[in-house]
Amino acid sequence: MISLFISFAMLIFGYLVYGRLAEMVFSPDDRQTPATLRNDGVDFVPMKTWRAYLIQLLNIAGTGPIFGALMGAAFGPIVFLWIVFGSILGGAVHDYMCGMISARHDGASIAELSGDYLGKVAKIIMRIFSVVLLVLCGTVFVTSPAGLLEKLTPDWMSGTFWAIVILIYFLLATLLPIDKLIGKLYPIFGILLIVMAGAVIGGILLSGGKYIIPEISLENLHPNNTPVWPYMFVTVACGAISGFHATQSPMIAKCITSEKIGRRVFYGAMISESVIALVWAAAGVSFYGTTQVLNEALAGGTSNVVYEISTGVLGALGGILAVVGVIICPITSGDTAFRSARLILAETFKLDQKKSVNRLIITIPLLIIGGALTWFAIVNKNGFQVVWRYFSWSNQTLAMIALWVSTAYLLKQGKHRFGSLLTALPAVFMTAVSVTYILMADEGFRLSQTISYVAGIIAAVVLAGVYLVFLFRRLRHT
């Protein structure tokens, strides 16, 4: 239990100290933001700081810090370390830089920023890659709440029925101005997400010793002997570092009214998400007692695990909170996934989004594809797991690319001689994670552990070398 409190304290310290360092390296100023320069009443809409923060939190969170943390807890309390250090040194820096660089570039998406700083080929790849990721994300966040709603409602309300209802909501959330539906509902749901996490950890701590939170250990306790590297670093994405956030931060970059609130909105929202992830990781390892029992429970569905923990710790109140956690929260990430995909495609095809017909032209095909993938996930026994695994890897790969984009931006700015190390170090780390995972995973190339490890290290070293060459060139000219 002491480890958990230390972890919470470190996250707060990270926000106050490392977040300030990230802010110093970026150097926000008093220039006008896209929200005031391009206020179109649809996507570029000025928002108050607290509202932008809560919307950003819900955009990036959803069930990510719940599902991912619970699956990561199957590795044991070692997961606490990844959530804390991954967030402070990687995830929060990633989110802050993506949001702030976007604000400096008229609210541009991560795909457009990739073209600006990594070249035209990178722009084309990232346009495709990010839209695919967003559609997969939207599909994941249709399937899981639809499955639970099917269990809680009459027989005639099938998973397919609820999937259609959710997709209709996605249509509205993707098309309507951001302040009409998202701007009004998300702050409420963001507060509920925080309350849910607080209630669960409070119930565990006040259980009179019924639930014991173990101390941090470096031991891999996964019952299937799944290696920590790289699997845990891909499984726990949203609670530590997530490329999905690189698609969401530009959405709020279009709404902040000052660059100087960026640390509170972007870095702060990621730290808050990590606090939530820590709560659920602790709940997973304490409620079931052993990682073996937890893993067996996860085999029955992550939504069921959330429901069991919530009701087991909090009773009837927990059942209500579980509905919020595994139904409302994923839906609120799925809709912004499709909204972000619309914005990226609008940039690609130069379609003015102030016109509702142009929004429809992009949104309808996206939702049709999402609906087809949802149908696949529902009718196939392991369909959800298949979609989730590909989403998880593409998610972390996007984080790697976004960190390299941020590094290139900082190198070009050159305001701080070694400031680009802030993003280059986690970029190198995530390069090793992404390459190693896709080479050895079942959904990847299924190569041996040794070959995958060596290839991952080589890829990271090569890109680190390229970075150092550009860094020293920059230093010589300053």
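Trainee: Is Glu23 buried or exposed, and how is that read?

Mentor: Buried means under 20% relative accessible area, exposed means over 50%, and partly exposed lies in between (1.4 Å probe, protein chains only). Glu23 has a relative accessible area of 12%, so Glu23 is buried. This is a predicted model, in which local features need pLDDT of at least 70 and side-chain atom pairs count only at pLDDT 80 or more, while totals for chains, interfaces and linings use all residues. Residues are numbered from 1 along each chain as its sequence is written, and side-chain values use heavy atoms, with hydrogens and water left out.

Trainee: Which residue forms a salt bridge with Glu23?

Mentor: A salt bridge is a side-chain nitrogen of Lys or Arg within 4 Å of a carboxyl oxygen of Asp or Glu. Arg20 forms one with Glu23, and their closest N and O atoms are 3.0 Å apart. Arg20 is partly exposed, at 45% relative accessibility.

Trainee: Where do Arg20 and Glu23 lie?

Mentor: Helices (H or I, at least four residues) are DSSP runs, numbered from the N terminus. An α-helix has 3.6 residues a turn, so residues three or four places apart point the same way. Both Arg20 and Glu23 are in helix 1 (residues 2-26), three residues apart, which is about one turn of the helix.

Trainee: Which parts does the salt bridge between Arg104 and Asp29 tie together?

Mentor: The closest N and O atoms of Arg104 and Asp29 are 3.6 Å apart. Arg104 is in helix 5 (residues 79-104) and Asp29 in the loop between helix 1 and helix 2 (34-37), so this pair ties together parts 75 residues apart in sequence. Arg104 is buried at 16%, whereas Asp29 is partly exposed at 24%. A network of salt bridges links Asp29, Arg31, Arg104 and Glu259.

Trainee: What are the buried residues of helix 13?

Mentor: In helix 13 (residues 291-299) they are Thr291, Leu294, Asn295, Ala297 and Leu298. They cover an arc of only 160 degrees around the axis, so they sit on the same side of helix 13; the arc is taken from the directions from the helix axis to the C-beta atoms. The face turned away from this buried side carries the exposed residues Glu296 and Ala299.

Trainee: What covers the buried residues of helix 13?

Mentor: Contact means heavy atoms within 4.5 Å. The cover includes helix 4 (64-72), helix 12 (262-287) and helix 14 (302-314).

Trainee: How many salt bridges does the structure hold?

Mentor: The structure holds 12.

Definitions and conventions
Helix = DSSP H or I, 4+ residues; strand = E, 2+ residues; numbered from the N terminus.
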